[in-house]
Amino acid sequence: VKWMSAAFRGAPQVDGTVGGGGYVAALHAFLVTGFGSAQALSVTVSNGVGTAVFPASTVFEPYSVVLIEGATTPASLNGEARVLSQAGSTITFETDAPDGTATGTITFKYAPAGWERVFSETNKAVFRSLDPQSPRFCIRVDDTGGVSARVRGYESMSSIDVGTGPFPTDAQINGGGWFNKSLNANATKVSYYICADSRIFLSAISAGVPSSASYTTAPVRGFGDLVTLNPSGDAFAVVLSCTSVEATSSNSYYSYGTFNLASNSPHGLYSARDPAGAGGARLVENKPYVGIAGSVSGADATLGVFPSSIDGELKYSRRYVCATDNSTPRANIPGILHIPQSTVLGSAKIAHGDFVMGSGELSGRVLLAIAASTTVAGIGPAGISLIDIYGPWR
């Protein structure tokens with residue numbers, strides 16, 4: 001699992017600029033090429049931990065994944081590695097390379113998530129997973145409009161504008177859905193996180209931040225393959241999370257149709273087809289296994305308050321996708337965790353962007369806190385949801 005934020009060194013700026021607000025560039029850098037390349041001054045390895053020293057002001061964020069290239073000895077140093085810590089311009093990272101001082105012209109960059117950019121025009125692109133286990137459906141992103149990017153999934157595409165099996169269809173949302181980026185049609189940058197494995201990406205943008213630093217609510221949208229629950233497989237359990245309206249400070253659709261909130265009223269998640277492969281795009285719903293479907297993660301008192309009065313723990317639940325007319329789980333949403341406890345939000349407890357150490361079956365994982373709400377963009381958040389930034393998600 002890879003992740004990035006707007007604060008990463010070299011991350012493209014995303015904003016509400018008409019004609020190109022940086023979102024395609026951010027996806028391209030994160031999914032396809034990687035970014036932030038820097039040459040190390042020295043690299044040493046001791047007991048499975050590498051230490052790399054860079055020129056001043058060159059940093060790689062803890063828990064991020066870097067791609068190491070150019071090591072001649074040991075060659076096994078090359079490849080992806082998880083950053084363990086950062087202090088000044090020095091990082092430590094996990095490695096299987098033998099102990100010693102590495103040689104070569106050794107470069108580090110934030111590693112790409114393993115996707116490809118199939119077609120492109122200025123501020124438009126079609127992205128697709130490279131994973132051989134994926135059905136490799138496409139997402140078309142048009143970031144020429146300003147405060148929102150137009151998005152649509154396709155089962156296949158033959159050019160930047162031509163594809164088959166669209167989801168949503170024009171009858172569902174004419175012209176495709178939206179990823180809301182900013183409340184302001186200008187170059188004021190927004191805060192964002194993007195997380196992915198090789199088959200799905202999750203995008204959390206705080207569109208209200210240009211209006212107020214406290215408007216951190218970041219609905220988690222994105223595109224890709226779910227974790228199917230059918231032992232025989234489900235080739236069409238591919239979903240796009242979008243909304244049918246652009247962001248404003250007051251519209252109530254801002255958080256509808258997200259991966260981390262209830263999504264069937266009236267906009268939402270669209271799967272390519274139903275589990276049998278019949279028909280076309282389907283509006284689907286998502287729910288937590290534990291908690292109230294329409295509640296805000298971190299403000300859902302199903303399991304009481306946080307911290308638990310019994311064991312002091314933070315409780316969380318996976319989320320799943322189902323049809324809109326029943327609650328039978330079809331597939332799990334990778335990476336997303338719902339908190340069925342209340343009083344979670346706050347600097348004294350858990351704030352947007354905090355890291356939470358996993359427990360139980362997620363012991364050893366790192367969870368990223370994302371501000372959540374079911375209300376509008378022009379106010380502060382009401383709760384916290386979580387994204388597992390370590391994985392694996394499958």
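How many strands form the open sheet, and in what order do they come? Eight strands build it, in the order β2-β9-β5-β6-β7-β4-β3-β8, and their pairing is antiparallel. Keep in mind as you look around that this is a predicted model.

**The sheet**

Strand β5 covers residues 65-73 and strand β9 covers residues 103-110; the two run antiparallel and are joined by six bridges. As a bit of background, strands of a sheet pair through backbone hydrogen bonds, either parallel or antiparallel.

**Salt bridges**

Now for the charged side chains. Side chains of opposite charge can pair when their charged atoms come close. In this model the count comes to 16 salt bridges. Here are three of them, with the N to O distance for each.

| Salt bridge | N to O distance |
|---|---|
| K181 and D143 | 2.5 Å |
| R152 and D170 | 2.7 Å |
| D274 and R282 | 3.7 Å |

Take the pair K181 and D143, whose side chains meet in a salt bridge. K181 lies in the loop between β16 (177-180) and β17 (191-196), while D143 lies in the loop between β12 and β13, so the pair ties together parts that are 38 residues apart in sequence.

The side chains of R152 and D170 also meet in a salt bridge. That pair links distant parts of the chain, 18 residues apart: R152 belongs to strand β13, and D170 to the loop between β15 (163-164) and β16. Are these two buried or partly exposed? R152 is buried, with a relative accessible area of 10%, whereas D170 has 45% relative accessibility and counts as partly exposed.

Then there's the bridge between D274 and R282. D274 counts as buried because its relative accessibility of 19% falls under the 20% cut-off. R282, with a relative accessible area of 30%, is partly exposed. Elsewhere, salt bridges that share partners join E116, R128 and R136 into one network.

**A closer look at D143**

Why does D143 count as buried? The reason is its relative accessibility of 0%, which is under the 20% limit for a buried residue.

What does the side chain of D143 reach? The backbone nitrogen of G22 lies at 3.2 Å from it. The side chain of D143 also makes a polar contact with the side chain of K181, at 2.5 Å. Leaving out residues up to four places away in sequence, D143 touches G19, G20, G21, G22, Y23, V24, N123, S148, A149 and K181.

**A nonpolar patch on the surface**

Finally, head to the outside. Which residues form a nonpolar patch on the surface? They are L229, Y289, V290 and L303, and together they have about 330 Å² of accessible area. One of them, V290, is found in the loop between β23 (282-288) and β24 (317-323). With 34% relative accessibility, V290 counts as partly exposed.

Definitions and conventions
Residues are numbered from 1 along each chain as its sequence is written. This is a predicted model: local features need pLDDT of at least 70, side-chain atom pairs count only at pLDDT 80 or more; totals for chains, interfaces and linings use all residues. Side-chain values use heavy atoms; hydrogens and water are left out. Buried means under 20% relative accessible area, exposed over 50%, partly exposed in between (1.4 Å probe, protein chains only). A polar contact is a pair of N or O atoms within 3.5 Å; within protein, one must be able to donate a hydrogen and the other to accept it, and residues adjacent in sequence count only if both atoms are side-chain atoms. Contact means heavy atoms within 4.5 Å. Patches are made of residues with over 30% relative accessible area and no salt bridge: like charges are joined within 9 Å, nonpolar side chains (Val, Leu, Ile, Met, Phe, Trp, Tyr) within 5 Å. Accessible areas come from the Shrake-Rupley method with a 1.4 Å probe; for residues, only the protein chains shown count as cover. A salt bridge is a side-chain nitrogen of Lys or Arg within 4 Å of a carboxyl oxygen of Asp or Glu. Helices (H or I, at least four residues) and strands (E, at least two) are DSSP runs, numbered from the N terminus. Two strands pair if DSSP finds at least two bridges between them.
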